[in-house]
Amino acid sequence: MKILFVEPAIFLNAFALALTTPLTTQYVYRRIWEETSNYSFSFDSNISECEKNKSSPFFAFQEEVQRKASLFSLQLDLSGLIPGLVSTFILLSNSDHYGRKLPMILSSVGVLATSIWLCLLCYFAFPFQLLIASTFIGAFCGNFTTFFGASLAYIVDQCKEHKQKTIRIAVVDFILGVVTGLTGLSSGYFIRELGFVWSFLIIAVAAAINLIYISFFLSDPMKESSSQNVTISCGGGFKKLFYPTYMLFKNASGTRRSVLCLLLFTMITYYFMVMGTVPIFILYELNSPLCWNEVLIGYGSALGSATFLSSFLGIWFFSYCMEDIHMAFIGIVTTMAGMAITAFARTTLMMFLARIPFLFIIVPMSVLRSMLSKVVRSTEQGTLFACIAFLETLGGVAAVSMFNGIYSATVAWYPGFIFLLSAGLFLIPAISLCVVQCTSWNEGSYGLLIQEESSEDASDRAH
């Protein structure tokens, strides 16, 4: 008997990736520290290996480790850019014909292969530079945006009402929040109690269970309802690959095309700023004057991940009294304030309090995806999420690369500069959303417009 719920797969995939990120970052940081100073971290220490006195020679060494760790993160992200872009677009653009399960399966295979490679690398103490191989493997099989895009398309396929789409997408973000919150809270204890090898092995087990669930238990209504299989010839394969995306914009009316482009631009610019600062938080917390240890970093990650829950509750509550576009405005403005406050956080208490304005950081991403799904036809949802995933992959890698580069260049004179820059850049999606508002956005009217365009297309084909 097949199951129609993709949420368990999202749960397991989120657990694997949420645990991999802090483990990998701290593993690289410790390896660079040890290889540079020939000094090992103490796993049972309750304090962080961190120097606060700027006049100390040890402080300069600490800044050098920060710079090297940031630059290596930049190399990791760049190594997965091209294969990630290609695999994401190919897998999702073809999911309308071959079903949503294929991108999920291949992405899960990538997570499993990556976690096994990380286990071996830690166990045999291979050069940490070989982490680049794991990034390449994961991107080639399809990264998180591939899995997430396929999952959202799977859910939207089952939604018939506009409000239902917003709530279902918010539910997915709620699941991500619960999983990443608990994982972030426990990541420090994973490192301290189990070490890196066993922690990565647990990730591999979760990825294997997820792969089994998707392959053998999850149904694929899109594939089963397809009346014909699409065969792509070698000569027309490349053209066929991008043709649905071309038609997505070509068939839309002028107004709908403008709104579609503006919403895509708003979502990607917002996503760019958020994803660019995510890996910087851990480095910022490891650095002076905060000097957090792995447990405090786990608490910070848990508070950050709790924003998925608060964002879900915000969407659920605000959906009864305001439109989607107004919810997106609230999320952008509060996130901008959070970035500005983080730039001036100098104590542990202040850093924890700086998390409060991020309560609705996920709201714009959930709401904008829902708004986008409402301005395209039901037969174009797979192509839409392929475009979104493609842009998120490109924007995410470019953002992390750029922000890591800026942080490594400015950490010596002002570590919080990157957060001030991000706060200023959030004006871009805010202004773009204002332009959408000026087009008299109304989700009901766009639904009727899509129906009218579909009727006209059907009439044209009949003639």
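Contact here means heavy atoms within 4.5 Å, and helices are DSSP runs (H or I, at least four residues) numbered from the N terminus. The model is a predicted one, in which local features need pLDDT of at least 70 and side-chain atom pairs count only at pLDDT 80 or more, while totals for chains, interfaces and linings use all residues. Residues are numbered from 1 along each chain as its sequence is written, and side-chain values use heavy atoms, with hydrogens and water left out.

The protein chain has an average pLDDT (the predictor's confidence in each residue, from 0 to 100) of 81, and 84% of the residues score at least 70. Over residues 43-48 the pLDDT falls below 50, and this stretch has 13 contacts in the model beyond near neighbours in sequence.

Turning to helix packing, α14 (residues 324-342) and α16 (residues 363-374) pack at an angle of about 155 degrees, with their axes 8 Å apart. Axes are lines fitted to C-alpha atoms, for helices over the stretch in contact, and angles run from 0 to 180 degrees between N-to-C directions. The angle therefore makes α14 roughly antiparallel to α16 (over 145 degrees). From α14, Asp324, Ile325, Met327, Ala328, Gly331 and Ile332 meet Val363, Pro364, Val367, Ser370, Met371 and Lys374 of α16.

A second pair is α3 (residues 81-93) and α6 (residues 131-141), whose axes come within 7 Å and cross at roughly 20 degrees. This makes α3 roughly parallel to α6 (under 35 degrees). Pro83, Gly84, Ser87 and Leu91 in α3 meet Phe136, Ala139, Phe140 and Cys141 in α6.

Definitions and conventions: Helix = DSSP H or I, 4+ residues; strand = E, 2+ residues; numbered from the N terminus. Parallel < 35°, antiparallel > 145°, perpendicular 65-115°, else oblique.
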